[in-house]
Amino acid sequence: MISAGIDIGSRSIEIAVIENGTLSETRKTDTGFDPIGQAKKMINGLKFDSILATGYGRNLFEIEHEADTVTEIKAHAKGAVHSFPNATTVLDIGGQDSKVIKLNDKGKVIRFEMNDRCAAGTGKFLEIMAKTLGFSIDTFGAKAISAEKDLAISSMCTVFAESEVTSLVAKGENPVEIARGLHMAVVKRVISMLNRVSPKGPIVFTGGVANNPFVAKHLAQITQRNVLIPDHPEMNGALGAALLASENNTKKEKK
Amino acid sequence: MKEKLLKKLQQVTEQNLIDIEAHKEKGNQVVGFYCLYAPTELAVAADAIPLPLCGTRQAPIEAAEETLPRNLCPLIKSSYGFAATDTCPFFRFSDLIVADTTCDGKKKMFELMNDIKPVHVLQLPQKQDAFIEPWKAEVEQLISVLEKTTGKTITREKISSAISLLNKEREAKKRLMDVAKAKPSPLSGMEMIEILFKTGFFADKQKGIDLLNEITEECHTLIQKEESPFTKDTPRILLTGVPTGLGSDKVIKILEESNSNVVAFESCSGYKQAFKVDEVKDPVTALSEQYLSIPCSVMSPNQGRIDLLTEMIKEFSIDGVVDLTWQACHTYNIESVHIQKLVEDKFNLPFLHLETDYSESDTEQLRVRVEAFLEMV
């Protein structure tokens with residue numbers, strides 16, 4: 001039995017395929033301006049018995065492909081528990097939203113909070129700031145780590161922060177220190193959400209921003225909590241959806 | 001049969017505007033009310049029609065923002081916008097507006113509204129039992145203001161009979177809301193909101209009571225026949241927090257589109273109206289005491305809301321609670337911390353706090369939260 005999960009996010013689309021309980025294939029692409037067209041291209045040639053969609057494009061996909069859907073919350077919880085069976089706190093920072101999920105000891109979602117009103121403190125925020133400072137997004141975190149001190153950034157709104165950064169650059173401040181300040185702002189914002197929703201125990205960190213070494217390192221340092229990152233943190237939502245799809249299949253077979 | 005009654009409700013609503021006009025032509029007055037705290041009995045006792053005023057739609061908000069700040073609760077902006085653009089028939093009919101100093105945004109907005117039409121603002125105390133005397137003085141003063149506006153004398157006898165009439169109306173509303181205690185409920189939350197909203201504007205109170213009772217009887221027949229748009233397994237949701245009405249019902253819509261049933265409304269557009277004024281006591285004392293005890297988040301402390309929720313969660317067999325806050329409504333927003341504690345710790349039920357406005361712009365963001373919340377149920 002082959003099950004697939006597709007996570008149609010605001011910035012990227014991921015697909016994970018599970019064959020007999022093990023991950024057999026992953027695919028990833030940019031969402032662009034035509035999420036459904038992109039999704040269609042991605043599943044082209046892919047073999048699966050069932051597919052489950054998650055992410056903000058899930059409902060469009062459902063109509064187009066008669067697939068079932070789950071929310072990102074449930075998919076990320078499932079993926080996190082698969083990688084770390086004792087997980088009780090999941091932090092996901094994706095392209096355009098961030099969320100904290102609290103799980104009970106059986107892996108069931110018991111509380112969550114989402115920030116998706118604007119790009120504040122998300123992957124998109126870091127991407128725009130990297131561009132403003134002339135860094136590549138892949139090395140932005142490493143650059144920030146190399147700074148000796150951080151310059152405080154007070155705006156979390158992407159638009160306001162961009163003008164704040166521009167004026168700091170104009171004052172002749174060191175871009176690496178500005179980068180550190182921006183990263184710190186993201187970490188602090190996320191910590192207040194963690195403290196509200198799930199203040200104790202290890203944190204499973206997923207989503208593209210988990211690949212940023214600065215955020216993970218300082219998150220662990222400030223909170224004094226273990227930060228666990230799965231092998232491909234950006235695949236976590238798609239993986240969770242694929243796992244749920246395979247559970248649904250098993251249930252249907254039993255019936 | 002239910003469809004037939006909802007159609008009748010629509011017809012009666014349209015007829016109602018003609019009824020109000022006829023009433024005005026006879027030289028009678030209309031008094032508009034913005035909030036549940038002002039005793040509408042006093043208008044009835046002055047032979048005037050008490051009418052709730054518009055404030056649940058997005059349309060006039062843009063016009064309101066020419067004067068009011070954008071970062072303000074949509075209920076305040078909508079209310080002011082309807083008045084400023086003269087698009088609320090009930091506001092137009094009103095000879096006097098009665099309002100209260102419930103929250104900061106409202107009381108300052110009413111100062112501006114007073115330039116459009118006379119607004120009498122009651123000073124509402126924000127601690128209930130300790131301030132009954134000053135509140136009673138406000139109620140007494142409202143009596144003289146209404147006597148001046150209408151030219152009628154408001155006697156204790158007239159107040160008493162108004163209390164008994166409006167007790168009947170509240171009882172009828174409560175009986176209707178209570179049909180949703182049945183599992184499954186014969187009504188959707190959207191239908192419930194529509195019925196409560198539309199029957200609120202009736203010029204002839206008795207007509208409204210009769211129609212409410214007719215709908216309730218029909219619902220009991222449906223319960224007996226086990227006819228419902230839902231099943232016994234449909235998640236039963238309690239919506240608490242700010243008031244909702246037609247036009248500000250998007251969260252109810254999303255909840256029910258996601259296969260749940262909103263069976264209970266703990267708000268001033270719902271179960272907070274289900275009280276009874278003592279008919280034995282001195283009528284002014286009874287009115288003052290009963291109305292001041294309404295558990296709105298402007299009160300501090302506000303134990304009444306916790307008590308009411310505790311009772312409703314049990315009686316309506318609730319599976320999850322959604323706490324709705326209009327953007328920039330600080331009192332409901334902060335009080336949500338207490339409500340979350342009650343729901344999660346005492347009842348061990350899923351809880352979702354939503355902050356939004358009347359616009360459709362965040363529909364999909366709300367939908368993710370609502371679906372994830374229902375996955376927890």
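Student: Which residue in S7(A) is the bridge partner of A:Asp92?

Tutor: In this predicted model, A:Asp92 has A:Lys99 of S7(A) as its bridge partner.

Student: Why are strand S8 and strand S10 of chain A said to stand at the edges?

Tutor: The open sheet of chain A has 5 strands in the order S8-S7-S6-S9-S10, with mixed pairing. Strands S8 (109-115) and S10 (227-228) of chain A each have a single partner strand, so one side of each lacks a neighbour in the sheet.

Student: Which strands does helix H3 of chain A touch as it packs on the sheet?

Tutor: Helix H3 (residues 72-83) of chain A touches S6, S7, S8 and strand S9 (203-206) of chain A. The direction of this helix makes about 60° with that of S7(A).

Student: How many residues of chain A and chain B are in contact?

Tutor: Contact requires C-beta atoms within 7 Å; 10 residues of chain A and 8 residues of chain B are in contact. On the side of chain A that touches chain B, S8(A) gives the largest share, 4 residues. By class, that side of chain A has 6 nonpolar, 1 polar and 3 charged residues.

Terms used
Residues numbered from 1 in each chain as written. Chains lettered and ligands numbered in written order. Predicted model: local features only at pLDDT ≥ 70, side-chain atom pairs only at ≥ 80, totals over all residues. Pairing = 2+ DSSP bridges. Helix = DSSP H or I, 4+ residues; strand = E, 2+ residues; numbered from the N terminus. Contact = placed C-beta atoms within 7 Å. Axes fitted to C-alpha atoms, helices over the stretch in contact; angles between N-to-C directions. Nonpolar A, V, L, I, M, F, W, Y, C, P; charged D, E, K, R; others polar.
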